[in-house]
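Welcome! Take a moment to look over the chain below, and then we can walk through it together.

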Amino acid sequence: MEGAGYRVVFEKGGVYLHTSAKKHQDPDSLIAGVIRVVEKDNDVLLHWAPVEEAGDSTQILFSKKDVCGGDSCTSEEEPTFDPGYEPDWAVISTVRPRPRHSEPTRGAEPSSPRGSWAFSVSLGELKSIRRSKPGLSWAYLVLVTQAGGSLPALHFHRGGTRALLRILSRYLLLASSPQDSRLYLVFPHDSSALSNSFHHLQLFDQDSSNVVSRFLQDPYSTTFSSFSRVTNFFRGALQPHPEGASPDLPPAPDDEPEPGFEVISCVELGPRPAVERAPPVTEEEWARHVDPEGRLQQVPELKARIFSGGLSPSLRREAWKFLLGYLSWEGSTEEHKAHVRKKTDEYFRMKLQWKSVSPEQERRNSLLHGYRSLIERDVSRTDRTNKFYEGPENPGLGLLNDILLTYCMYHFDLGYVQGMSDLLSPILYVTQNEVDAFWCFCGFMELVHGNFEESQETMKRQLGQLLLLLRVLDPPLCDFLDSQDSGSLCFCFRWLLIWFKREFPFPDVLRLWEVLWTGLPGPNLHLLVACAILDMERDTLMLSGFGSNEILKHINELTMKLSVEDVLMRAEALYRQLTACRELPHNVQEVLGLAPPTEPHSPSPPASPLPLSPTRAPPAPPPSADTVTQPDSSLEILPEEEEEESADS
């Protein structure tokens with residue numbers, strides 16, 4: 001859209017202001033509008049204006065609320081809000097940007113109550129931009145001006161935060177804060193301070209200006225010599241437009257970068273090697289690794305065989321006890337018998353704890369009652385098509401119920417969370433013994449218990465690591481998913497939560513898990529399994545013109561249609577392709593277990609406060625001039641690479 005002296009370079013509808021702090025917004029508290037980026041009179045403006053029910057959104061140009069004749073003020077009737085403690089579902093800050101003389105509004109009258117919320121701000125006045133945490137609510141952006149004021153939060157009911165940030169990155173340098181990955185500090189492309197810092201650090205060569213898309217630095221330092229990390233996220237979102245790229249910088253020296261810095265550039269991977277799966281380990285082959293005292297010999301070689309071929313079904317009942325840490329690889333037969341006797345006594349002591357609770361006691365123990373109700377509901381629908389669990393009076397269901405309730409006694413802090421029954425079911429099916437199944441399940445939970453923690457930090461970290469691997473392996477696929485508001489990979493959440501339990505047929509799940517339990521070739525093979533599935537489906541996703549809803553639908557329809565052997569071959573090939581790269585970034589090496597994790601330079605920030613509620617307010621952290629913390633939403637997915645949830649996804 002162009003007019004006299006202005007040009008609209010970006011426009012997105014379905015951008016709302018939430019004028020109430022309530023979790024569930026009333027229709028009257030939602031103000032629908034259009035966000036635009038407008039080039040006007042040698043300036044670039046970010047403009048939002050409401051859309052009246054009878055108005056035409058395409059006719060809105062510029063409007064600006066004149067607050068108290070040009071002086072910022074707050075009406076007593078308006079809700080006061082500190083954007084630092086804004087819940088995911090609402091915020092309107094009463095701090096207004098400085099008034100800007102603008103052209104009259106067409107489509108929304110400034111005198112109308114909704115039209116008074118319109119605003120327009122020059123991009124040069126922005127100091128920082130905060131993105132919401134992903135969750136079940138709408139994504140939003142909070143913009144803070146150089147004067148310290150916060151513009152009304154923009155809630156994107158139809159998605160579009162990534163698209164807006166990409167447009168803004170044409171005119172601005174968006175630097176992600178190391179203290180808060182959702183906070184972007186805003187710098188002009190010609191910022192002399194930033195340019196001088198890079199010049200003195202000599203971090204990039206002359207071809208790097210179009211590659212570097214995000215910088216992590218200390219936002220509070222008066223100089224940039226104390227950057228904690230500088231990371232290139234390959235060809236990710238927010239890549240600056242070529243016309244706005246930084247000037248050429250002098251080539252970096254051949255020696256190592258200054259300590260404390262890590263520079264990651266675009267990775268060129270070599271050809272993907274061919275991988276063949278081996279036949280399963282048989283009972284005879286297993287027996288050759290057992291000495292006369294019952295001790296297993298050449299354990300690394302045996303694990304490698306299990307990784308490359310899995311186990312024959314008749315061997316699983318014994319071998320899974322070793323893979324899950326119930327029995328020691330070094331123990332003798334007599335030591336194993338003594339260990340099983342001890343663990344059997346321990347199990348039944350814990351089981352007696354909940355068995356001996358009377359109905360009257362349970363009525364006064366809401367936690368135990370809640371666990372029992374949830375377990376009964378989940379067990380009643382777990383793998384009921386499997387012959388081992390089918391039928392209304394199946395004893396296997398009773399064993400599932402008892403083991404899960406006993407686990408609540410074993411792990412009080414975690415208790416029972418939906419999805420655990422999916423993990424226990426195959427183990428009980430294989431061991432067909434209550435005690436063995438319990439302790440094998442405990443071993444499995446040691447690997448994945450973080451998936452079920454309320455904070456969801458482990459799930460967010462894994463999704464971030466998955467995105468990192470995928471961006472190295474297939475940047476075009478990542479860019480496509482970003483363009484369809486699916487770059488958070490939230491459709492992979494169930495895959496990682498219960499280790500693909502519902503994606504493969506039951507026998508394939510047994511094969512997949514025993515391969516993953518070997519810990520080979522690295523600690524995060526399950527992430528490469530996810531990459532392998534996406535790699536197998538990339539052409540279907542990219543060539544079919546799928547939107548976010550179609551992507552989610554297609555991924556869900558893959559259930560029970562995947563071949564575990566094909567997926568494992570591709571996952572191993574991806575691993576070999578990555579490890580063959582001599583310039584593999586350090587953070588990717590960490591994910592693959594090729595390098596030890598980098599020790600943080602400062603302690604991790606405390607957990608975010610709870611969401612605002614009528615009965616409990618979050619504790620107020622110390623105020624900060626540039627960064628503000630956000631409360632956790634009810635369901636969060638990403639650790640670093642946050643993503644929006646559109647209303648129709």
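Which residue of β10 does S176 stand opposite? S176 stands opposite Y184 in β10.

Before going further, please note that this is a predicted model, in which local features need pLDDT of at least 70, side-chain atom pairs count only at pLDDT 80 or more, and totals for chains, interfaces and linings use all residues. Residues are numbered from 1 along each chain as its sequence is written, and side-chain values use heavy atoms, leaving out hydrogens and water.

**Confidence**

The pLDDT is the predictor's confidence in each residue, from 0 to 100. The protein chain averages 76, and 67% of the residues score at least 70. Over residues 53–111 the pLDDT is below 50, and this stretch has 150 contacts in the model beyond near neighbours in sequence (a contact means heavy atoms within 4.5 Å).

**A strand and a helix**

Helices (H or I, at least four residues) and strands (E, at least two) are DSSP runs, numbered from the N terminus.

After α4 comes G310, with a positive phi near 80 degrees.

**Aromatic pairs**

There are 21 aromatic pairs in the structure. Rings of Phe, Tyr and Trp (its six-membered ring) pair if their centres lie within 6.5 Å; planes under 30 degrees apart count as stacked, over 60 as edge-to-face and the rest as tilted. W286 and W329 form a tilted pair, because their planes stand at 45 degrees, with the centres 6.4 Å apart. W286 belongs to helix α3 and W329 to the loop between α5 and α6, 43 residues apart. W286 is buried at 3% relative accessibility, and W329 is buried at 11%.

F444 and W499 make an edge-to-face pair, 5.3 Å centre to centre and 65 degrees between the planes. Both F444 and W499 are buried. Elsewhere, ring pairs join Y347, F348, Y407, Y410, F438, W439 and F441 into a cluster.

**Salt bridges**

A search of the whole structure finds 33 salt bridges, each a side-chain nitrogen of Lys or Arg within 4 Å of a carboxyl oxygen of Asp or Glu. Here are three of them.

| Pair | N to O distance |
|---|---|
| R277 and E565 | 2.9 Å |
| R502 and D422 | 2.6 Å |
| D535 and R570 | 2.7 Å |

R277 lies in the loop between α2 and α3 and E565 in helix α18, so this pair ties together parts 288 residues apart in sequence. R277 is buried at 16% relative accessible area, whereas E565 is partly exposed at 25%. D422 is buried at 6%, while R502 is partly exposed at 37%. Finally, a network of salt bridges links R162, R166, R471, D479 and D482.

Definitions and conventions: Buried < 20%, exposed > 50% of the residue type's maximum accessible area, 1.4 Å probe, protein only. Pairing = 2+ DSSP bridges.
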